[in-house]
Amino acid sequence: LADGEKRTYSDFGAKRVWISGSKKGDEKREATLQLCVCLSNSAPQPKVTIIFRGKGLRIKQEEKCSWDKRVNVLFPPKAWADNSICMTWAETIFPQAVDSEQASVLFCDNLSHQTTPEFAAALKKCSTTLHLLKGNCTDEIQEIDCGIGKKTMSRQCDEWLEDDTNLDRWVSGKVSASERHVLITKWLGEAWKEGCDTTN
């Protein structure tokens, strides 16, 4: 639990409930997801991108090789889609998901770094037009990091924590950042696959 929340870790009636907590706001500091959904049934879904907190300067090759191959991993200092992250995504990740020979449209919310001329220009290089959505409606009309994806990730996390050794290590803070990164990419990769398979 995080301070200020009223959720419990387990379902009602569980014999063991996780009550170790952290200060309010920490639940948002581990990572941010960048989701891009293709509306064509004939094209594969783009890889999901996860933005972990940190500069990523001391990440060992062993960890990098263990990340789920279905997930792009980026590291800004605040685990947030800042300008450099948005430009990296537009210039190197998004082009992998589209055919530059065919025109396409990318619908984005009004995150400031997605509204810049530079961001639009990067998309234009792969024949994509940027269309900004009306403000304050992201949750209603765009894919966000909740719903089936969150449920799938939560289920996988629950299954991993059913092992008492894993639960004790998690609660006591003995799961390293490197191990968390690997676990989260694997949970996310499976959640994204399951979500895409469900909606196709």
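# Talking through the fold and its cores

Q: Which elements make up the right-handed β-α-β unit here?
A: In this predicted model, the right-handed β-α-β unit is built from strand 4 (residues 104-108), then helix 3 (residues 117-124), then strand 5.

Q: And how do strand 4 and strand 5 run, and how many bridges join them?
A: Strand 4 and strand 5 (residues 128-132) run parallel, and five bridges join them. One of the residues involved is Cys108, whose bridge partner in strand 5 is Leu132.

Q: Stepping back, how many helices and strands does the chain have?
A: There are seven helices and five strands in the chain, and read from the N terminus the elements follow the order β-β-α-β-α-β-α-β-α-α-α-α.

Q: What about the open sheet, in which order do its strands lie?
A: Three strands form that open sheet, lying in the order 1-2-3, and their pairing is mixed. Strand 1 (31-34) and strand 3 are the edge strands, and each has a single partner strand, so one side of each has no neighbour in the sheet. On average, neighbouring strands of the sheet are turned by 25° against each other, with direction ignored.

Q: In which sense do strand 2 and strand 3 pair?
A: Strand 2 and strand 3 pair in the parallel sense, over four bridges, and the partner of Val48 in strand 3 is Val71.

Q: Which helix packs on that sheet?
A: Helix 2 (residues 83-93) packs on the sheet and touches strand 1, strand 2 and strand 3, with a direction that makes about 140° with that of strand 3.

Q: Let me ask about Asn72: where is it found, and is Asn72 buried or exposed?
A: Asn72 is found in strand 3, which covers residues 71-74. Asn72 counts as buried because its relative accessibility is 12%, and the cut-off for buried is under 20%.

Q: What does the side chain of Asn72 make a polar contact with?
A: The side chain of Asn72 is joined to that of Thr49 by a polar contact of 3.4 Å. Once neighbours within four places in sequence are left aside, Asn72 is in contact with Lys47, Val48, Thr49, Ile50 and Ile93.

Q: Switching to the nonpolar cores, how many residues has the largest one, and which have the most contacts inside it?
A: The largest nonpolar core has 22 residues, and Ile50, Val73 and Trp187 are those with the most contacts inside it. At least two residues of this core come from each of strand 2 (48-52), strand 3, helix 5 (148-161) and helix 7 (177-199). Helix 7 gives the most, with eight residues.

Q: And what does Trp187 touch?
A: Not counting residues up to four places away in sequence, Trp187 touches Met153, Gln156, Cys157, Trp160 and Trp170.

Q: Which residues does the second core include?
A: The second core, which is separate and has 18 residues, includes Cys86, Met87, Leu106 and Cys108.

Q: How much of the whole chain counts as buried?
A: Of the 200 residues of the chain, 32% count as buried. As for contacts with a separation of 6 or more, 58% of them are accounted for by residues 24 or more positions apart.

Q: Last one, what is found at the start of helix 6, and what follows helix 6?
A: At the start of helix 6 (residues 164-171), a side-chain oxygen of Asp163 comes to within 2.8 Å of the backbone nitrogen of Thr165. Helix 6 is followed by Gly173, which has a positive phi, near 75°.

Technical notes. Residues are numbered from 1 along each chain as its sequence is written. This is a predicted model: local features need pLDDT of at least 70, side-chain atom pairs count only at pLDDT 80 or more; totals for chains, interfaces and linings use all residues. Side-chain values use heavy atoms; hydrogens and water are left out. Buried means under 20% relative accessible area, exposed over 50%, partly exposed in between (1.4 Å probe, protein chains only). A polar contact is a pair of N or O atoms within 3.5 Å; within protein, one must be able to donate a hydrogen and the other to accept it, and residues adjacent in sequence count only if both atoms are side-chain atoms. Contact means heavy atoms within 4.5 Å. A nonpolar core is a set of buried Ala, Val, Leu, Ile, Met, Phe, Trp, Tyr and Cys residues joined through side-chain atoms within 4.5 Å. Two strands pair if DSSP finds at least two bridges between them. Axes are lines fitted to C-alpha atoms, for helices over the stretch in contact, and angles run from 0 to 180 degrees between N-to-C directions. A crossover is right-handed if, with the strands pointing away from the viewer, the path from the first strand over the helix to the second runs clockwise.
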